[in-house]
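Please have a look at the structure with me before I start to talk about it.

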Amino acid sequence: MVSTTDTTHSGDRDADTQDHVASDHIDDHHHHEAPYGISRWLLTTNHKDIGTLYLWFAFIMFLVGGAMAMVIRAELFQPGLQIVEPNFFNQMTTVHGLIMVFGAVMPAFTGLANWMIPMMIGAPDMALPRMNNWSFWILPFAFLILLSSLFMEGGGPAFGWTFYAPLSTTYSSDSTALFVFSVHIMGISSIMGAINVIVTIFNMRAPGMTYMKMPLFVWTWLITAFLLIAVMPVLAAAVTMVLTDKFFGTSFFDAAGGGDPVLFQHIFWFFGHPEVYIMILPAFGIISQIVPTFSRKKLFGYASMVYATGAIALLSFIVWGHHMFTTGMPVEYEIFFMFATMLVSVPTGVKVFNWVATMWRGSISFEIPMMFAIAFIVLFTIGGLSGLMLAIVPADFQYHDTYFVVAHFHYVLVTGAIFSIMAAVYYWLPKWTGKMFDITLAKWHFWCSLVSVNVLFFPMHFVGLAGMPRRIPDYALQFADFNKWISVGGFAFGLSQLIFLALIIKACRHQGESVSSQVWDGAEGLEWEIPSPAPYHTFETPPIVR
Amino acid sequence: MQDNKHDDEVDKSAHAGVRTPLDHTKTVNKILLLVAGMFCFAFALVPLYDVFCKVTGINGKTNTEAAVYTATDIDETRTITVDFITRTNSGMPWEFTAQTRKIDVHPGQMNEVAFYVRNPTNRDIIAQAVPSVSPGTAALYLNKTECFCFQHQPLKAGEEALMPMVFYVDPQLPEDITFFTLQYTLYDITRTVDKDTVDVAMN
C-alpha cells in the first residue's frame, strides 16, 4: 500500500523531497486565472471545489433536518398534543428522514468522495468534471422543491420517508407531485455522482495503483457507486408509479384496479435495503483509513475487508423482505429473509474484528478522528446487534413499528454514518485547509455529542420494547419519563453540532497552526504526500505507485 | 477547457493505467445501460410479481376468471370449514354482508353462497369486489365457477341485490389446511370507470 511519488516524470526538474515533487505537480504556469466570487462556485469543475460544495450543502441540510428533529422532540417532550398539529408532526418526521438520508448523509459521502478519491488514486480530477458540476448544482433545487412543499395548502409529504401506498397515493396531499419530482432530481444527482466515481476509479488510477492497492475508502466507494447505479433507478420507478397512481388513474398499488399495495413495499425495499448500505459502506472505508493511522499499523486483513464489503453489497439485494415480516408473508419466506439477514452479520463481523485487530498492540494515540472512529466501532456495533434482534421473525412482530426500530437505525445512521463523516472531516480537514483545527473545540464537540447521542437514542430501546409506536405525536403516560430524557438528549445533541459549525467556520478562515504534508504521524497514502493545504490542482503528472 | 489540457498531458505521458476520454465514453455508456435496465426492471417487477404470486399463491389472491368444474370424486372423509368475511373500503357506503357466514364443505363438492348488497345512498355506484384468502396457500385450491368478483357490480341509488358465488375446493388441498377464510373487500370504482361503461352498466 505504501506509495511514493515518482520523480522521473518531472524529467528535467530536480526533486529531492516529496514536498518538492508535489510542488512540481502544482505548477500553475499553464492555467487560466480561476474565476472568483460566486461564479467560481457556480462554474467550477474542480473536484476539490465540488467536494467542498457538497460538504457544505450536506452540513446545512444536516442542520435543517436537525431543526425538524428538534420540533419532533419538543412535541414528544411530554404526553399530549401541545406544540404542533398531528399532520404537521407527520410532515416533520417525513421530511426529517428524507433530508437526513438524501440531503445530509449521501451528499456528505459524495463530497468526501469528490475531495479524496482523485487524491487517493493519484488522478488529477474526477473523470467527468462538467457532469460533476451538474450533479451538485441540481441538488439544491431538489431540496428547495421538497422544502417549499411544506408551505403548500394541505402541507408537504406526511406519509413517512418510505411513502407507502396508499398513504402516498389515495391519502396524500397534492404536494406529492413536488415530492416525486424532488426525489427524481435527487436520484439523477446520485446516479451522476456514482457514474463519476466508477469512471474515475476504473480509468484514472495512477500507474501501479492496482485494485488491491487502492485505499479502502476508494474500494468501499466503488462498491457503493455500483449499489447506487443498481437501486436509484428502482426508486425513480417507484415514485413514478406513485405519481401515476395518484394523478393519472393507474392502479399499480390499488387493489380495486387489480394492483397490490404490498407490491409497493417490495419495490420500495428492494431499493431501500441497498440504500441503507449505501449510507454505511463509505463509513466502513473511512474507519478503515483512520484506525491504521492512529494505531501506527497496517490495516489488519486488507483483502478480507474488500471481500466483506462486496459480500455485504451482494447480500443487500436478498434481504428486503425483513422490512415486511408483518405483511402476511408465508413462513417459508420469512425464514429465508431472516437467515439471509443474519448472514449479513458475518462480513460485518469480519470488519469489526479487523478494526479491533488493527488496534491490537498498536501504538494508539487518541486524536479527534480516532476518538470518533472508536466511538463509531462501539456504537455502530450496538446498532448492528439491535439489527440482529430485529432480524428474528417472532421478535420482529413485537418490535415492528416501535421506537426500538427508531433506536436501531439511529444508532447505525447517527453514531454510524454521521460519526464516520465527522471523523473523516476531522481527519482530512487539516489537509484541506493547511491548518490544524481548534482541538479544544473539537474535544468539546466529541464529548458533548457522545454523551448526548446516547441519552438521546439509548432509552428509545426501552420505550420501544415497552411498546411505544413510532411516528405518533402523542403517547401513553408510562413512557413520559423516558421521553423527557430522550428529548433532553436530543436538544443537547442538536446544540453540540453548533460547536462543530463554529469549528468549521474557524477552520475555513485558516486560523490555527500550519500542518505538515503528512499531518498525522502515522498517516500513509497518496493524499498525505501532497502539501497542506492541498493545492488547487494535484497529480497533473501521475505519481507511480510501487 | 482546463480539463482537455489535463487529458492531453495525460495522453503524452502514456502510462499504463491512464486512459483517454474515449474510454470514459465507453465506460459511461455501459453504466447508463445498467441504469436504464434497472429502471425497466422495476416496472417489470409489476407483472413478475403477479406471476410469482399466482404460482406460489403467497398473497392470497384467487383466480380472476371462472374455473371449469371437472367432475372429481368428492372426498367425504375431509371436511373443510370456510369462513366468509365482508368489508367495504373506507368511503364506500354500501351495506355488504355474507348470507352464509360459515360453511362446511367436502373437497370436490360444489357449493353456492350469496352475498347481500344495498346501496343506501341517492347516487348510482359501481363496485368492485376484491377477494383475499388466508392462509394464502389455500387460494390456489379455491376454484370459483361463478363469482360476482369477476365483474363490476353496479347498483342504482337505493337498490339492493343478492350476489351469488359458486365454488369448490380442490381435493389436492394440502392435508394441514382444515380451515380457511375468504374475505371480500368492496371498492367504489365509479370514478375510475369511464362514463360510457357507467351508462351501459346502469341500464
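What you see is a predicted model, in which local features need pLDDT of at least 70 and side-chain atom pairs count only at pLDDT 80 or more, while totals for chains, interfaces and linings use all residues. Residues are numbered from 1 along each chain as its sequence is written, and chains are lettered from A and ligands numbered from 1 in the order in which they are written.

The secondary structure of chain A consists of 17 helices and 0 strands, where helices (H or I, at least four residues) and strands (E, at least two) are DSSP runs numbered from the N terminus. Its C-alpha atoms fill a box of roughly 75 × 50 × 45 Å along the principal axes. For 546 residues a compact globule would have a radius of gyration near 24 Å, and the 23 Å of chain A agrees with that; the radius is taken over C-alpha atoms, and the rule is 2.2 Å times the number of residues to the power 0.38. Buried residues make up 55% of chain A, and here buried means 20 or more other C-beta atoms within 10 Å of a residue's own, exposed means 12 or fewer, and partly exposed lies in between, with C-beta atoms placed from the backbone.

Now to helix α16 of chain A, residues 439–465, which reaches 39 Å from its first C-alpha to its last. This helix bends by about 25 degrees at A:Val455, and a proline, A:Pro459, follows within four residues; the bend is the angle between axes fitted to the seven residues ending there and the seven starting there. Just after α16(A), A:Gly467 takes a positive phi of about 105 degrees.

Where does A:Thr327 sit? Its place is in the loop between α11 and α12 of chain A, and it is partly exposed, because 13 other C-beta atoms lie within 10 Å. The C-alpha atoms of A:Thr327 and A:Val262 are 7.5 Å apart, although 65 residues separate them along the chain.

Finally, 35 residues of chain B are in contact with 43 residues of chain A, contact meaning that C-beta atoms, placed from the backbone, lie within 7 Å. On the side of chain B that touches chain A, α2(B) gives the most, with 14 residues.

Key:
Two residues are in contact if their C-beta atoms, placed from the backbone, lie within 7 Å. The expected span of a helix is 1.5 Å times one less than its number of residues.
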